[in-house]
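Good morning, and thank you for coming.

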Amino acid sequence: ENKDQKFVYDFTEGNKELKDLLGGKGANLAEMTNLGLPVPPGFTITTEACKVYLESGEEPAELRDEVSAHLDALEQTMGKKLGQADNPLLVSVRSGAKFSMPGMMDTVLNIGLSDESVAGLAQQAGDERFAWDSYRRLIQMFGKTVLGVDGELFEDALDEAKAAKKVTVDTDLDAADLKKLVKQFKKIVKAEAGRDFPQDPREQMDLAICSVFESWNTDRAKLYRRQERIPGDLGTAVNICSMVFGNLGPDSGTGVAFTRDPASGHQGVYGDYLQNAQGEDVVAGIRNTVPLADLESIDKKSYDQLMQIMETLENHYKDLCDIEFTIERGQLWMLQTRVGKRTAGAAFRIATQLVDQGLIDEAEALQRVNGAQLAQLMFPRFDEKAKTELLGRGIAASPGAAVGKAVFDSYTAVKWSRSGEKVILIRRETNPDDLDGMIAAEGILTSRGGKTSHAAVVARGMGKTCVCGAEELEVDTKRRRMTVNGTVIEEGDVVSVDGSTGRVYKGEVPVVPSPVVEYFEGRMHAGADDADELVQAVHRIMAYADRVRRLRVRANADNAEDALRARRFGAQGIGLCRTEHMFLGERREMVEKLILADTDDEREEALRALLPQQKQDFVELFEAMDGLPVTVRLLDPPLHEFLPDITELSVRVALAEARKDHNENDLRLLQAVHRLHEQNPMLGLRGVRLGLVIPGLFTMQVRAIAEAAAQRIEAKGDPRAEIMIPLVGTVQELEIVREEAEQVIAEVRQQTGIDLKLALGTMIELPRAALTAGQIAEAAEFFSFGTNDLTQTVWGFSRDDVEASFFTAYLEKGIFGVSPFETIDKDGVGSLVRSAVEAGRATRPDLKLGVCGEHGGDPESVHFFHEVGLDYVSCSPFRIPVARLEAGRAAA
Ligand code: PEP
Ligand code: MG
């Protein structure tokens, strides 16, 4: 352990770059302090202290003294002591990790209040009711979070106090009522926690600090981290901040603001304000707020100052910031800022707006967006022309078009979604306990809370459709129904939620393609007068990405239609044409004949019948991709996949036998099915092995490719065919196939008189191929990494089975954060790719290198492939824009 390690930093000592150490909140409080903005003085305990605590179960030895020293300094600055009887300093103790985890960890306010100092606070504030209300809030929050008392007990006691007085709102309780409530709260603490509520302010503070440390490891925090892919070992910092009060009367209040609209990116005044309230009231969405713009008429001085601070922050952070502030008797205080979460669409718009404002350059703009956001923008949305039954309207908190059955609690949401139902989670408001329900739901709908309510913030972070604050909805979670202007929606009724407009519909509304897809399809032009801002922003960002990226992007496509779409989406060729898809449907019968052939003649006849069909496939494909490379892979899957299902066929044969109705062909088929049956077909007779044992199969395909290319050249086309051999494990396999292929190509050259150039290469999708890549490169002009099979064989995971069987358990146990079939396993599979790249290039410096497994369209994997020096990635047509963008981000 580092002897000079410092566990506590004053706000004046930190800065925004220290998020690892001070957490996001602490680092930004320090940054604002140093910018000269009005931040209540305080200090931050580092994430390192938290890590020591979580590992050893104790605070680090030096922490106590360091906290004492910083507390002394704070008391000096404030001119009062923590919990001092006649004039108490009160502090908040807030969690704050490197990455924001809204509402997931603990916070305790009003630390320093006790039976003695409550009177001092009353005098200081000139408001007895306020002092007792603050005290009861402390006992409630402290009891619940630090001492683990069931929060409902306090809520119930509060409700009873109101009922006894026949009032409905907290503010109708006076000092005497609150005094009684404090007594009762203390009794609850004693009974439930088995100890008195601590009267010593320093003990309160120390216990709260440990409780914040511990809240890093609550179940809901862990779940949130898994969902957001936040590492589990970062720990949280703890911020000790002198209290300011937004609940000291009508000239006080608290609010949340954005420097631009987090949904559209537009500049303006966005946020919510709540008069005479304390911080957490806004985020919890408990009372309805007013728009921030209204603050101008409530308190012009504070409003103007806030606007100026927002401008300072945007120019300083060069990005959208979100802010929490409090006004205490006309004095504005900044409680938090950070670079704010935003919708996918806003991310693109804001990035280009900031370029236009000269705040960031194009390379930085690329880092402000990502492929997952682009993918989200490509989702369909509701058809505006559809007949709809509008139920109500709320705040468009997180965009998307979600349709599903109404459910009113998280448990049902999870249960129904597990059984394959699409659900919409409908709540009055959500809280951190609703997290797994929110994950399970297609969309989230709440009747209360603003754009900064829990539901809105969390949904935006997850990219989930959310409408919040739809006040017309009367949500009755107990009876599992909601009523909207007389219409009743029961649990299980279908509703449609439009997170882009805030509209909520009864029944299922049909969806239409997104404008971004229309743009990629070429049906909407970015330059057109009516092109929306989003399309223009996407257009510009894609242009930046294309300008800087080194990786080329190809498509996995095996018909002209997909090839043409891929081209429109920006594909620079086809990286994988799986020819097995051409052997299905009506051609199955021909393949059956090939498999059943007893004699050379029969087999040759079957191949002769297939040849013209294959050739026509390739002519169409080469035409669609004219001028761009098309990698055609020779047949890969086990042959039995082309034969009828064994059970079905057995039944058919048995029935025929019973009827004494012999069908010679079915009998032969059944024999073939039995003969070809394999226990482990993915490790059996497939790929290059087929080419080696079925005479004429690969050469027929090579001939079809060569003749198709010749035909395209005769038609003045520019075919760039590449022939790819699958599942090669040793160079000898490749050499044999290569020799045969070259002979066929030479024949076609002769027959047509056309000087065909066809590259020949292989997939690297077996560990042995990767390990002997140097040898294999002797016989291959290109490698295409088949990371699906490579992942399957390196891990020994059946790609068809494991994701449904035990991956959930693996993900829950943290063995991996994401399926290795989705994101490349860099350490294992990736290291084989890396060494094969090096070995292949050492043998053949001009070896062309690509990847065509599913990972070719996965954002994180694309960065890896850029880094190891591949020439291209190949992915399904719809993922091409994402791959282009991520390739650009990797290079920028
Ligand atoms: C691969 O294995 O990664 C690959 C692209 O081939 P297929 O998915 O067809 O096995
Ligand atoms: Mg494969």
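**Domains, a helix and a ligand shell**

The domain assignment of the protein gives domain 1 (46-242), domain 2 (253-342), domain 3 (379-512) and domain 4 (549-638 + 678-891); such bounds come from an automatic or database assignment. Taken over C-alpha atoms, the centres of domain 2 and domain 3 are 26 Å apart.

This is a predicted model, in which local features need pLDDT of at least 70, side-chain atom pairs count only at pLDDT 80 or more, and totals for chains, interfaces and linings use all residues. Residues are numbered from 1 along each chain as its sequence is written, while chains are lettered from A and ligands numbered from 1 in the order in which they are written.

The pLDDT, the predictor's confidence in each residue from 0 to 100, averages 92 over the protein, and 98% of the residues score at least 70. For the complex, the predictor gives an ipTM of 0.99 and a pTM of 0.82.

Let me turn to helix α2, residues 47-56. Helices here are DSSP runs (H or I, at least four residues), strands likewise (E, at least two), numbered from the N terminus. The buried residues of α2 are T47, A49, C50, V52 and Y53. Just after α2, G57 takes a positive phi of about 80 degrees.

Finally, which residues surround ligand 1? They are L576, R578, D636, E765, G786, T787, N788, D789, C852 and G853, counted when the C-beta atom, placed from the backbone, lies within 6 Å. Helix α31 gives the most to this shell, with 3 residues.

Methods. Buried ≥ 20, exposed ≤ 12 C-beta atoms within 10 Å, placed from the backbone.
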